[in-house]
Every structure is written in C-alpha cells, then in structure tokens.
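Trainee: Could you take me through this structure step by step, and let me ask as we go?

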Amino acid sequence: MQFQFRTVHHQWVAYVLMTLSYFALGKALTAFAFQDQVLPIWLPAGVGLVGVLIWGWRFLPGLFLASALFNWTTAHGYTFSQATLSQCLQVSIIALGACLQGLAGGLLLRHWLGDPLRMRSRKHIAYYIFLVGIVANLISANIGVFSLSLFNPQYQFSHHWQNVVAWWLGDSLGILIFTPLLLLMLDAWAFEQRSYHRSRNVFATSFVLFLSVVLTTYLYNQGNIQAAKREAQRELRLIENLLLQQVNLSMLAVQGVSAKLQSLNEVNAKEFHQIAQQQRTRYPFLRAISWNIRLEQTQGNALQRHFDAIYEGRVKLKGLPLGPDDPLVVVTYISPQAENFSALGFNVYSRENRKLALENLAIAVQPQATDIIQLVQSDTPLHAYLLFSPVYQRGEVDTHSGILGYATAVVQTDTLLGSVLKKSQADSYNVAIFDGNSPDPFYRNRSFSATQMSADNLFETRIQFGGQIWRIQLELRADFVASLNHQQTVLLLMLQLSITALITFIVLLNNYQHYELNHLVEQRTQSLRKAVEDAQRANHAKSRFLANMSHELRTPLNAVVGFASLMKTTHSFETLQSYAGRIDMAAKTLLNLVNDILDIAKIESNHLVIERHDFDLQELLGRIDSLFTTSAADKGLQWQLNTNISGACWLKADELRMEQILLNLCSNAIKFTDSGKVTLHCEVLHGDSDYLLTFSIIDTGIGIDPQKQQLIFAPFTQADASTSRRFGGTGLGLAISKELVALMEGELTVQSEPGQGSTFTFSLRCPFGDALLADQAELDHTLLKGMHVLVAEDNPVNQLVIKAMLQSIEVEFVLVNDGQQAVDVCGEQNFDLVLMDCQMPLLDGYQATALLRKQFSQQQLPIIALTADVMPEDKAYAVAVGFNSHLAKPLERDKLVQCLIQYRLS
C-alpha cells in the first residue's frame, strides 16, 4: 500500500518529526514508569508501527536511532565520552527489538491487513487488534527485558516475565491508542486527502482512551506509592523498636558484667575471664569485654609495676591524661586477650569521646556509650561502640570517688543490627543508621549510596541510649513500589488493555461500516448513473433501430403493395407471374426481418435453443456458394469459396443456425464492399471424435474503426449513423451471429482496418455425423391425396391462403371460424388431422384443444397449432395443452406439406 504525501518536503519533515517524537514521547512518559524503561503506556511503539507502515524498512534507521538515544539518556544521561561496550550493547539490543517489532507489525499491515483506518473486513480489524496490537509486541518486550537483565544489575532474570508483561502491556496500549491518532494527524497535515471517514470520532475516542489509561494508571500508581509509604512508616517504627531492644540488650549485657564484678572481693584475671566468656557466649554482638581500673595519676607507677608482674613487662601504660586532674582509667583485663592484647594498659580517659561517656552523671543509672568507633584489631574496618558500666568500692554507691573501675563492652554494630534488619528487608528498603549528625552512615543493610537517597521516599527517626543519639533513615526501593500489589497492577493493566482493545475494535468497526456504507452509496450512485447512461444509449439505439426498421419494413411493403396494385391493371400471364415473383421476394424479406427480431428477443430472454441433427457440410457450403456467386456478380465483385474438403462431410450440428450465421456474415461482406473481392474460407480439421470447423469471411470493403469494433456486436447498433443511411440494415445480424456462435461454444472475432476491409472468424467443434440418420426424404405430394383435414381459422385472408395451399396438394378439408365450431364438427365427422388457429373468438384454439383431448388422444386425432406466437414458452404451452406440434405464421407451403406428410405416414 502507498501513502501519498502532498510534497517531498512534507515527506521528509514527517520522517524527521516521527523520529524525534519517538524520543520526546518516551521522555515525557517516563514520569509514569514503574521502573526505568518499563512503562504502563508506551506511545512510541505506535510511532514505530506507523513509521514502518508508511515507509517500510526505510524508517528502521530513524527508529533505531531514536530508541537507542532514549534508552542511553534514560540510563546514562547525556554523557557519551565514557561509554562502555556493555552499555552500547544494551541500548543497541533494545533498539533492535523495537525495530523488529515495528517491522513485524508494519509488514503485516502493508502486505495483508492494510490501513488500520480503512480495513477491508471485520476479520481484518480483529486480526489487527490481536496480531499487531497484542501479539507482535511480545518481540520488543522479550528482547528489551533480556538486554536489561543481561547488562543492568537492577534487573534480574528471575523477574524476567514480570518485566516482560509490564513492557508488553505498555507497548500494546501505545499501539492501539496512538496508531489511529497519529494517522489522523498525518492525514490532516502531510498526506494527500485520504478522506478518513468519521475522523473526529476516531480521534476523540483515541484521545479519551489515552487520557483514561494515563490517569487511571497514574492514580493507581500513586495509591501504590502511598500504600508503600504507609508500609515504610510501619517498618520504620518496627525497626526503631527492635533496635532499641538490641541496644538495651547490649546495656543489660555490660551491666551484668559489672554486677558480677561488683560481687567479687577483688577483681582478678581468672574470675574476670570466666565472667567475660560467659557473657560473650550469651551475647554474640559483644566483640570484647574489658575491666578498666580507675585510679589517680599518682598511682600510675604502682599500676605499671603490677602490669610488669602479671604480663612480664609486655604491657605498658599508654594514653596521656587530657587534664592534670583527670584520673586514669586503664584497661587491665580484656577478653578475648590474644586478639586485643594491644589494648591492655590503654588509658581510656585519654580520648575525648571516652572521657565524655565516663564523666556523664547518668552512668550511675545506666551504662553510657561512646560514639561510633572503628575497630583496628580486625583485618577489615568494623564499626562498634563502647559501653561503660561502673563497679564501685564496697560501701560506696553512685559517686565518682567511690568507683573502683568500669566493666567495658565493645559492641559490634553489624552483628547487633544484622539480627534486626533481615535480608528480606533489603529487597524492599534501603536502611542507613547514622551516629548523631554524622553525614556518613555506620551501618547500611545493602550496598548503596546514602547521599543519593530520594527525599520523596525517605523516612527518618531517632533513638537515644547511653548518652548517644542515632538517626535511622529508611528509603523505599523503586522496585519495591513496583512490586507492591504487582498482581493487582498487572490485572489493572490487563483490564485496561482489554477495554482499549474492545473500544478500538468497536471504533474501527464503526469506521469500517461507515466507509463501506459510503462506498456502497457511491457504487450505487455510479451504477445508477451508468444505468441511466446505458438506458439513454439503449433508447437512442432503439430509436435509431425503429427508424431503420421503419425504412427496412417500408421497402418490401412498398414492393408488395405496388406490385399487387399493378397486378390489377394487366391480364398478361407473364407480367402477372413476374409481379407475383417480386411480391414473393418482398414477402420473404419481410419474414426475414421478423425472424431477426424474434431471434434477438429469444437470445435476450435465454430461450434460443440450439438443435443438433446430421447434415452434409459440403451441401451447405454449396448453397452458400450458389447464393452469393450471383449476388457478388450483380454488384461487380469477385466471390470465392475456399475449403479443404472435397467430398461429403457429415457432422452433427444446427444446420439452420450455422447457415444463418454464414448468410449474415457473407451478406454483410457483400453489402459493405464496393469493389474487390469477398472470400469465404472454410477449414475442417479431423479430430478423434469431432471436427474443428474454422470459417473466415474476408472482404475488401470499408473496414471498421478499431474503437468501434466491439460496438458492432451490440443489438440495434452499427458502426455509425452514416452506415445505416448509406447501406441500410437493422443492426441485428452481427449481434445474432455472435450469440449463435457463443451458444454453439465458439467465439466470433473481427480484424479490420478502415479502408482495408474486414475479416470475421469463428470456430466450432462438431461431432461426427451419420449420413444414414439424415432426413433425406423428399416431399411427395401424392401421399396427401384424399387426406381429410379440419381447419379452424377466423381470419378471412388466412383462410384464403390455407385453402389455396391445401387445394394445391389435393387435401380434402373442412373450414370453420372458431374453436366451438371445431369441437362440434369433430364430434360429427372423422378427421385425419386438425389445423387449429390459437387466437379465435368464442372459444380459442387452446380451449378447443383442451376439450378435444378429453375425447381424442394425440394418436387418434393430431392437432397442429397455427399461430404467430413463436417464442419457446408459447410452444411449450401449446404442447402442454395438448397440441401435437406447432406451425408458425406466416405459413410456408413446404413446411405445411412436410408436417402433413409426417402425420400421414405415422
């Protein structure tokens, strides 16, 4: 199919705009994405389909470029300098899928279904909706999602079909909605007027469908987001409570150590390690537990000597006090010792964050914590915080001066928080925990950049414990929002697609029916206009025919009337005989005219019957040759008969109709030839069971214009009006000849050049004939002598004619004037045969015959119909009433004799 643009300029501008619109529409619709590049409605799919529909494969470069550019800028922005091979492959494969999908749908439309707004049938509309609008879109969806899953870590193969369905639904909605809109816009601007019917209705319906799909999808998506936010807030409160439970548990753990140490008379290494090991076994998040003794700076040397005694000089005091009056809080024992041996002898008061925790008055009530520290003992950096719980001297309670030391726990945050934040939550939320106002989190439930957390989907809370404040931030993951109520989302999109497909089908069907109705009205109008023109031409032709027929009838009638009047003025037998002969010729001319009219009427009513009987073709050609030798000589023309048969050639066909064809064609050839030659060529080829006869009538006459050669075979028509004025004729001969040849399963053709003559040719296949079956009996009038016949005829002239004919063959007859008399006479006398006119007063021939058949059978009393009704249905009616056979008026003596002999012999 071809789309015609107004100009080449319009075509190129439309191509560029279609390419740009693919990119621009994609960018505009990303606001409604569930995930990047997975959209609930994808209008660019309609752009790709229409582009391939209009330009075929020539639109693929623009489609590939627009798709690749959209996917690149969506995933990587407008920076191209750092492109990698995998990134290029990803966008190229997606663009290839878009091209294959557009090509599949476009080729189906171009080579089978046609223009969506001008479908050829209801089935084509259904095929368009199902194949192009739905099935073909699986191509881009599968290829695109495969590419994303292969190269983009945000997409997993486990979610392949989930993403394919979303992509496929978006493409299907985009094609069904946007394809009619885009075609109508191009039709209004770029195409030559294609006159899309009901374009406003189609445009309005498609636009409303687009708005409804966008709005319902947007509102449903917003509902999902709000539900996800409520779920996130609930999850955040749950995390807050669980986290408080864990940090409180860590404080209970260190309080348990301090309580047990408090119960000892003196803290010693053995008992400390037993207590520490028990607590660490019970609480896995305790990375280490230490006993930090508190003493004045002046007691430092004594503590060093104690370390030298128990650690054999391997532990030295380290960590200078921050102030001159600060006490020493030194790590004396630690468990596990081997891993944390370097911490022994460290003055905790030498660090500001530790000092703040130790000096907090609330330490008397609950353990105090430091801010987050980074452990250096492990191979990989680990975050932890220190918890201090005081151990008092006996008899001293809740005073700094009475503190003997501190039970200290190192709490590893990832172990503590990992039991709270399960891996399943990482699929739904990004969780980050910050120490105070620190910009960097010390804990994340998965690998992500905390600085890129979306403010729209971000929720925050704070917890306080042990003198510290932690901030907890929770962000909704985009894939979690998309997956929330995913089944209901897919059902919504499926419902939208179903409704859209149904409405699109109804709109296109309505458009098709309106187009078909207009087309039908236009066809009927053209048919009516053509029928009027044909009727006018037929009326003119018949008017010319009537004028010609009037001339043709008046010519022989003039001879009949003229010579009849002349016969009254002479008594010379020879002169009378000459006048009678001319009257006979004129009467036969009139009969031929009437027969032609009857033949064309039979042909037009499909009542002309071709008979088959055995005859000799050589004898037929002899009659034709004898007739036209004289006619040609009278006009000064040469006549020649050429044939390849030398003897009798018996065949089975309709001799009368074959002779009629040859007479018409040969008489026309002589009529329209002023000088030169007329040739009848007959070639007979002998087959297995039949003859192939080929007749050619060749003349050197006026010829026929090629543009008018088909007109000459139409009834009442000649090549032009001057022909009938110059040569006469009714214009029926060739029409009758062509139809007769066709009824005998042949074809009449003509080859002619004006001024060069004409050649009429026809071929017939005729079965072999049998000379023994041919009717060779000659008419023997003596057989009829003494035959007793009843004649029923009301017309006086016809009575005279039939009386003369019967008297000439010595047949005895009784003449009556109506049917009732005929019935009465048959009851009184015996007759060999009845000649019954059909149209008579009182009782017509049909009624009389019906009454006679009640008394006599067809074998007992043959009744022959005499009537001018010669149509096949008239003959059939006569036989049904009871007539034995039929003789047509005007009555010929030879046919009457033949009929009487037939029933005389039977």
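The conversation below starts with the whole chain and then turns to its sheets and helices.

Trainee: How many helices and strands does the protein chain have?
Mentor: Bear in mind from the start that this is a predicted model. The protein chain runs to 906 residues, of which 47% count as buried. Its secondary structure comprises 25 helices and 22 strands.

Trainee: In which helix is confidence lowest?
Mentor: The pLDDT of the protein chain averages 84, and 88% of the residues score at least 70. Confidence is highest in helix α2 (residues 44–55), at a mean of 94, while the lowest mean, 46, belongs to a helix spanning residues 721–727. Over residues 721–728 the pLDDT is below 50, although this stretch has 14 contacts in the model beyond near neighbours in sequence. The helix with the lowest confidence is α19.

Trainee: What percentage of the contacts in the protein chain with a separation of 6 or more comes from residues 24 or more positions apart?
Mentor: The count concerns contacts between residues with a separation of 6 or more, and it asks how many of these join residues 24 or more positions apart. That share is 70%.

Trainee: How many bridges join β9 and β10?
Mentor: Strand β10 covers residues 468–476 and pairs with β9 in the antiparallel sense. Within this pairing, Gln464 stands opposite Ile469 in β10. The number of bridges between β9 and β10 is eight.

Trainee: How many residues of strand β7 are buried?
Mentor: Strand β7 covers residues 429–435, and it is largely enclosed by the rest of the structure. Tyr429, Val431, Ile433 and Asp435 point one way from β7, whereas Asn430, Ala432 and Phe434 point the other way, and all are buried. The count for β7 is therefore seven of the seven residues.

Trainee: Which residue in β8 is the bridge partner of Ala432?
Mentor: Ala432 has a bridge partner in β10, namely Gln473, and β7 pairs with β10 in the antiparallel sense over seven bridges. Strand β7 also pairs with β8 in the antiparallel sense, over three bridges, and these two strands form a hairpin with five residues between them. In β8, the partner of Ala432 is Arg444.

Trainee: Is Pro441 buried or exposed?
Mentor: Pro441 is placed in strand β8, which covers residues 441–444. The C-alpha atoms of Pro441 and Trp470 are separated by 9.8 Å, and the two residues are 29 residues apart along the chain. Because the cut-off for this class is under 20% relative accessible area and Pro441 has 18% relative accessibility, Pro441 counts as buried.

Trainee: Which strands are at the edges of the open sheet of five strands?
Mentor: The five strands follow the order β12-β14-β15-β17-β16, and the pairing is mixed. Each edge strand pairs on one side only. The strands in question are β12 (638–643) and β16 (748–753).

Trainee: At about what angle does helix α18 run to β15?
Mentor: Helix α17 (residues 617–634) lies across β12, β14 and β15, running at about 165 degrees to β12. Helix α18 (residues 655–671) lies across β12, β14, β15, β16 and β17. Its angle to β15 is about 20 degrees.

Trainee: In what kind of crossing does α7 pass α8?
Mentor: The axes of helix α7 (residues 160–189) and helix α8 (residues 199–262) come within 9 Å and cross at roughly 145 degrees. Among the residues that meet there are Leu173, Ile177 and Leu184 in α7, and Val202, Phe203 and Phe210 in α8. The crossing is left-handed.

Trainee: Which residues of helix α11 are buried?
Mentor: Helix α11 covers residues 352–359. What covers its buried residues includes β2, β3, β4, β5 and β6. The buried residues are Asn353, Arg354, Lys355, Ala357 and Leu358.

How values were computed: Residues are numbered from 1 along each chain as its sequence is written. This is a predicted model: local features need pLDDT of at least 70, side-chain atom pairs count only at pLDDT 80 or more; totals for chains, interfaces and linings use all residues. Side-chain values use heavy atoms; hydrogens and water are left out. Buried means under 20% relative accessible area, exposed over 50%, partly exposed in between (1.4 Å probe, protein chains only). Helices (H or I, at least four residues) and strands (E, at least two) are DSSP runs, numbered from the N terminus. Contact means heavy atoms within 4.5 Å. Two strands pair if DSSP finds at least two bridges between them. pLDDT is the predictor's confidence in each residue, from 0 to 100. Axes are lines fitted to C-alpha atoms, for helices over the stretch in contact, and angles run from 0 to 180 degrees between N-to-C directions. A crossing is left-handed if the near helix is turned anticlockwise from the far one by less than a right angle, and right-handed if clockwise.
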